[in-house]
Amino acid sequence: MVDIGTLSLIILLAMFALLAIGMPLGFASAFLAVVTLVLKFDFDILFRTFGQGPLSVVGQAVYRQMTNYVLISVPLFIFMAALLERSGIAKDMYSSLNVWLSRTRGGIAIVTSIMAVIMAAMSGIIGGEVVLLGLIALPQMLRLGYNQNLAIGTICASGSLGTMIPPSIVLIFYGLVTETSIKALFTASFLPGFMLATFFIVYIVVRTNLNPSLAPLPEPVPGEPEGNEKRMMFLGFLARMGMWISGVLLGRALFFTATGDNQVVENTDPIPLGMVADIPYLIGAFAIFAAIAYLVVGAERTRRGWQMGKGLVAPIVVIGVVMGSIYGGITGITEAAGMGVVAVFVIGLLRREMNFEIVWDALVRTLRSTGTIIWVTIGASALAAAYTLAGGPTYVANLIVGYDLPTMGVILMMMLIFLIMGMFMDWIGIVLLIMPVFLPIVVRLPAEEIGWLGTIDPRMIPIWFGVVFCMNMQVSFLSPPFGPAAFYLKSVAPPHISLTDIFRGFLPFICLQLLALAVLLAYPPIITVFL
């Protein structure tokens, strides 16, 4: 038998070697799982009695991961993202956003960031977002004379926001592996995700105003409203959208009242915005929005504003269906993903954009992406189980604690390991391989010593650590040498843009991601604002 210290070193070096020669992560992990069992246990023990022993435990661990019901949501979200990418929904959304911000310095880059946030809230798929933004936004920015590095960094950094903003597949996998509430993870990541997006937008605004040559303004379009007129039209669009949303919620509350489903029952949570007591407020909200639209803004301005911004309606509907069904207590994560697919498909049919070719292509893409994820899950689950049986987590915990570092020192060491591993390994492997080792250590640390500007409830530590991990993975998507966002963009970028150019454009945005990570580490209570 090989001692656990030597075995850990062998696994680490062998993993890097196998990845360097091009072996897929799933197969590399599965191979090393077998190597771990053979080196740690007697070879005869593994096969002496079928269905018993270490090999059986590893098989059970893989089976447990693969039969988790929530895992079904992953291919559903991927399918929804593929449908969005092929339909015209994203393109119309970009056009509508561009209408309102076209005369703003750096407006196209700001539109790209906002579009990325909306797309992240619809599907949570990173690769598709970067490719889609590269196809829609990059040619537009280059045509208008935007600085190439600014354009590249904006697209890739914003396109990676699906890691942080719910429904994030990274958070889903973290919740599966650590048995943490995925709904709580989604809620906790809202503020950090939008904080990071705000950092990007503020950076774009400040930098382009300090150096206007980075983002020239486009030529004005004849007849396009400007100044206060455009602002009033935008207010009219928002008011009309508010009328639709409050009207739908009012109809929902009246339906629940008619059916008696919103009766107050002891020990039962009330239906959000669906109780009898909510009806007067919803009527008041509808009346206020109607007054703004038709008395303050005016019917004609509101109509024109709606025409200019109606490309945003479909994405808002999809977000409402997915996130509303989760937080409204209607469905779980998996069912919400299925409802999102149906919503996108129905919207595509109504827009006459959905056909057999698009659906088939989306299914093929989903099969390929899901197959990769599933194989990585199988291999990494097997390696994690084998390493756990060999005593790896205890060894790593003792090794880290043995340095006698302060609590935040231990966490910073983990952050460094995440950042380094993220440069070479896919996030799925990191979740499945490293998280079962690190999270038990973090949970045992003194809660009052976590953070510099505030403390966190010990019960919230697994949720906080999951959000911090996702912020780390944000950095990994841009980190050379294997930052996947660079390769996604390269696949659709003009030939004159090299990978070196793309990585160069990432540098300011990596600094912003590290700043957001520092905020999470310094002030952990930020994740509890909406919990």
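The model is predicted. Its secondary structure is helical: 23 helices and zero strands. The protein has 531 residues, and a compact globule of that length would have a radius of gyration near 24 Å. The protein has 25 Å, so the value agrees with a compact globule. Along the principal axes, the C-alpha atoms fill a box of roughly 80 × 65 × 55 Å.

Contacts and surface come next. Take the contacts with a separation of 6 or more: 77% of them join residues 24 or more positions apart. Of the 531 residues, 53% count as buried. The accessible surface comes to about 23,400 Å². Carbon and sulfur atoms account for 69% of that surface.

Now look at helix H16, residues 333-350. Phenylalanine 345 is found here. Phe345 belongs to a nonpolar patch on the surface, along with Val342, Val346, Leu349 and Leu350. Together these residues have about 460 Å² of accessible area.

Helix H17 spans residues 356-389 and holds threonine 366. Is threonine 366 buried or exposed? Threonine 366 counts as buried, because its relative accessibility is 9% and the cut-off for buried is under 20%. What does threonine 366 touch, leaving aside its neighbours within four places in sequence? Its contacts are Pro75, Ile78, Phe79 and Ala82. With phenylalanine 79 there is also a polar approach: a polar side-chain atom of threonine 366 lies 3.5 Å from the backbone nitrogen of phenylalanine 79.

Terms used:
Residues are numbered from 1 along each chain as its sequence is written. This is a predicted model: local features need pLDDT of at least 70, side-chain atom pairs count only at pLDDT 80 or more; totals for chains, interfaces and linings use all residues. Side-chain values use heavy atoms; hydrogens and water are left out. Patches are made of residues with over 30% relative accessible area and no salt bridge: like charges are joined within 9 Å, nonpolar side chains (Val, Leu, Ile, Met, Phe, Trp, Tyr) within 5 Å. Accessible areas come from the Shrake-Rupley method with a 1.4 Å probe; for residues, only the protein chains shown count as cover. A salt bridge is a side-chain nitrogen of Lys or Arg within 4 Å of a carboxyl oxygen of Asp or Glu. Helices (H or I, at least four residues) and strands (E, at least two) are DSSP runs, numbered from the N terminus. Buried means under 20% relative accessible area, exposed over 50%, partly exposed in between (1.4 Å probe, protein chains only). A polar contact is a pair of N or O atoms within 3.5 Å; within protein, one must be able to donate a hydrogen and the other to accept it, and residues adjacent in sequence count only if both atoms are side-chain atoms. Contact means heavy atoms within 4.5 Å. The radius of gyration is taken over C-alpha atoms; the globule rule is 2.2 Å times the number of residues to the power 0.38.
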